[in-house]
Amino acid sequence: MTKYVYFFGAGRAEGSSVMRNLLGGKGCELAEMTNLGIPVPPGFTITTQAWVHRQRAGRQWPEGLWDQIVEHLGRLEQVADARFGDRERPLLVSVRSGARVSMPGMMETILNLGLNDATVEGLAARTGNERFAWDCYRRFITMFASVVLDIRRDVFEEPLAALKSRLGLRTDAEIPAGELRKLVQTYHDEITARSGTPFPQDVREQLRLAVDSVFDSWFAKKATEYRRIHGVPEDWGTAVTIMTMVFGNLGDTSGTGVGFTRDPRTGEARFYAEFLPNAQGEDVVAGIRTPMPIEALRERMPAAYTELLEIAARLERHYKDMQDIEFTVQEGKLYLLQTRSGKRSARAAVKVAVDLEKEHVIDQHTAILRVRPPEVNEAIRPVFEERERTAAIADGRLLARGLPAAPGAAVGQVVFDPDRAVEWAKSGQQVILVRPETSPEDVAGMYASQGIVTSRGGRTSHAAVVAVGMGKACIVGAADLTIDEAHRVFTVGGRSVREGDVISVDGGTGEVILGAVSTVEGQLGDEFRELLGWADFYRRNGGLGVRANADTPADAERARAFGAEGIGLVRTEHMFFAPDRLPIVREMIMALDQPTRRSALERLRPVQRADFIGIFRAMDGLPVTIRLLDPPLHEFLPNWKEYKEMIEEKSRLEALGTNPEEQRRLGAMIEAVERLREANPMLGHRGCRLGITHPEIYGMQARAIIEAACTVAEQGVRVEPEIMIPLTGTVGEMKETFEQTRRVADGVIAEMGVHVKYLVGTMIEVPRAALIAQKIAEHAEFFSFGTNDLTQLAFGYSRDDVAKFLPKYLDMGLVPADPFSILDQEGVGELISLGIDRGRRRRPDLKIGICGEHGGEASSVEFCYKVGMNYVSCSPYLIPGARLAAAQARIRDRIAGGDDLR
Ligand code: PEP
Ligand code: MG
């Protein structure tokens, strides 16, 4: 018989940390803590395997599951010295979800289960606190009805609010027992009226229904959405933990709290926790009541406080990572209800990893593997430009200061509901979500926003924890804000801010500022340098190089500051789009004869040369790959809208019979737009096809590159240009452009008399080029995989039109991820592998890199490492992440190969 239930209690547990997949995160860590001798209320966990079997059987419980639950309930009764459903000594339990990975607040929990009209009296008698017992009962009915019977919570909350207002009370805790008793009767009546059957008095029936509902809460909309965002597989399912209740709401010597063993915003090594006296856990997590700093516990219950600190330190040493814990104190006695590795800001992730290494808790390569590559990129996230910020505050634009919950500066339009946040973000607007507090239903809206502001809740509230994990700027508890969701406005200090108004928020300082404040890049702090230094050490030892895609000297300098070891792609067309150059470029394109075209190109040459000089200087000593012109020429001409306006303007001038000069100019432009228009521009007259039909364009560029190289070389700059031909698909194209480029380049070197080494290579971005790479490599001296085009051409998905169907494909699971962001290893990756093998067959030392967007994405970087590329190249802002990802790939590979890295 399959074992579906695992016990923990009385100092011993059947499970442990290593059983995460079976027992879920919560279940396995409760077992682990029990084995460590940490005070945990006893209980048992139903496995994810039970969920899977039930799911496969169309929600039928697997054979033996109920019997095992009943058996373990018996064990629980023994250790808890209470009986389930007993009127004298009733055992009450919580029923909690818990997947393999933490999905905070996404699934259901039911507390105080086991109460009914009889046991509530037993609880009152045992605790000597009738008010408490009835309060537990009404909470339990509310939860049970909303989770199990699907009756909306407000059905229960409204009479509660009405009762408080009738009695003139502020808090629930003030309601007398007699009134709660009556309220429970109202609840019973509501349930009977709404569900057609009375509230179940049989406690086993309650338990069976609750377990079923917690199993089903895996499919709740918010949970499904969370899985989609975080890539959690649908078929994992959840475990269910049933645990003896402990009460934080038993009076002033009780309470509940959550805490982190280090500060999750900064990583600072101090216990960072909050405590709410006389409350149950749900009050804290839901942000219903704003908790107090942990010092409140120290003052009220010093012994429990000291014990908590000791346990926190122990857990951190045991798990070798920062922990996020939940605890309850019942009449002075401390219990741990959960521990897990804590979500943290990017900055904190780096600091915690580096500090733990320094404290000899983990070693260097573990520290490197601890940080997710996007996190180091996030850490160079923007902050407000200081002068503008000071000026805005001096101008009286500071609206409020809330609790800084997740760092980063963000600017956007205010929205008050998460659906609108999603909608506006889809149409390209930047939004800031402003809510009284957030709940798990808001996750998609939070994800779509640049930043989040709440008026209630503490630093461990839902908004704070989720925003930190998402890397969004977040301010919580901005209590000065009065939010009127119905009228879509918030007021603060007599001012009103409406939906659509722009605000700026700094999640590092808690400032909410009216209007836009410019942001500037964040800096790499000491811990970053240290971690990336270690990463470079592991990476360089046989791993991937990291270069940047950069088109200007300023970009090149930034890239170098972020650690780029060269430039893997200069898109020369970006230089053509600069406003002072576009008119010359257009003149060149529209020229009908060679001499006019050459004269325009001659004027472009010094400008291009100056750009290259700037880039070579910035990259002194490092390789620079410059790609010759790639886009079709019509991209430099007026677009469709401007074209229509030009036609209208020309007709207007013709009708008026004025300005013949302008009429001629417009006529020529219109003619050029029509002449160059293409049916399939992505497959049209672009890349090396341009260089072959217009050799004077590539000639000018090759000349400018080598002139620039010779000029700086004379000044002592070490320069190594790599001239790259785009969109090669046949060996003929390669041979022709290669020879043409060499002729010009060697000519310039001879003319200028400066010895400069250079290479001529190609992008591999047409599938055919990958397939005949051995022939291409007869000429090409290096390869760089242009995976943007290679993905486009391998899938046959237009890069420009993919948004029309890809979201639907992703929703339906027809593709696992956007292949333009995450390299499709199965298909595009196969072309890359083939291309590398065949290219190196002809030229064993062929230098190979990647310069599509994938070069900065961690899983794609790992793939590039595995297939033996020499480097990846990506946007300057992604360089730190790419350095880390490349190091991680190398470390994982060596660990898999059995290397001892110490
Ligand atoms: C590519 O296709 O991957 C590439 C880098 O070139 P571009 O994006 O400029 O087409
Ligand atoms: Mg391309």
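How many disulfides does the count come to by the rule used here? The count comes to 0 disulfides, where a disulfide is a pair of cysteine sulfur atoms within 2.5 Å. As a reminder, a disulfide is a covalent bond between the sulfur atoms of two cysteines. Two cysteines may be mentioned in this context. Cysteine 474 is buried, at a relative accessible area of 0%, and cysteine 710 is buried, also at 0%. Buried here means under 20% relative accessible area, exposed means over 50%, and partly exposed lies in between, with a 1.4 Å probe and protein chains only.

Let me state the conventions. This is a predicted model, in which local features need pLDDT of at least 70 and side-chain atom pairs count only at pLDDT 80 or more, while totals for chains, interfaces and linings use all residues. Residues are numbered from 1 along each chain as its sequence is written, chains are lettered from A and ligands numbered from 1 in the order in which they are written, and side-chain values use heavy atoms, with hydrogens and water left out.

Now the overall picture. The protein has 902 residues, of which buried residues make up 56%. Its secondary structure comes to 36 helices and 32 strands; these are DSSP runs numbered from the N terminus, helices being H or I of at least four residues and strands E of at least two. Along the principal axes, the C-alpha atoms fill a box of roughly 105 × 75 × 55 Å.

Glutamate 645, in helix α25 (residues 640-656), is partly exposed at a relative accessible area of 40%. From valine 361 it is 284 residues apart in sequence and 67 Å apart in space, C-alpha to C-alpha. Glutamate 357, by contrast, sits in helix α13 (residues 346-358) and counts as buried at 17% relative accessibility. Glutamate 357 and isoleucine 723 are 366 residues apart in sequence, and their C-alpha atoms are 43 Å apart in space.

I turn to ligand 1. Which residues are closest to it? A total of 14 residues surround ligand 1, and the closest are Arg571, Glu765, Gly786, Asn788 and Arg799; a residue is near a molecule if one of its heavy atoms lies within 4 Å of it. By class, this shell has 3 nonpolar, 4 polar and 7 charged residues. Here Ala, Val, Leu, Ile, Met, Phe, Trp, Tyr, Cys and Pro count as nonpolar, Asp, Glu, Lys and Arg as charged, and the others, Gly among them, as polar. Strand β26 (567-571) and helix α32 (787-795) each supply at least two residues of the shell, and the largest share, 3 residues, comes from α32.

Several atoms of the protein approach oxygen atoms of ligand 1. A polar side-chain atom of arginine 571 lies 2.8 Å from one oxygen atom of the ligand. From asparagine 788, a backbone N or O atom lies 2.7 Å from a ligand oxygen, and a polar backbone atom of aspartate 789 is 2.9 Å from an oxygen atom of ligand 1. Taken alone, ligand 1 exposes 290 Å², and the protein buries 95% of that; the areas come from the Shrake-Rupley method with a 1.4 Å probe, and for residues only the protein chains shown count as cover.

What coordinates the magnesium ion, ligand 2? Glu765 (OE) and Asp789 (OD) do so, at 2.0 to 2.2 Å. The pair links distant parts of the chain, 24 residues apart: glutamate 765 is in the loop between β29 (759-764) and α30 (767-771), and aspartate 789 is in helix α32. Donors are N, O and S atoms within 2.8 Å of the metal (3.2 Å for Na, K and Ca), and water is not among the atoms, so the site may look incomplete. Glutamate 765 is buried at a relative accessible area of 2%, and aspartate 789 counts as buried at 2% relative accessibility.

Finally, a backbone detail. Alanine 10 has a positive phi of about 55° although it is not a glycine. Alanine 10 lies in the loop between β1 (5-9) and β2 (12-13) and counts as exposed at 64% relative accessibility.

Note on methods
Polar contact = N/O pair within 3.5 Å; in protein donor to acceptor, adjacent residues only side chain to side chain.
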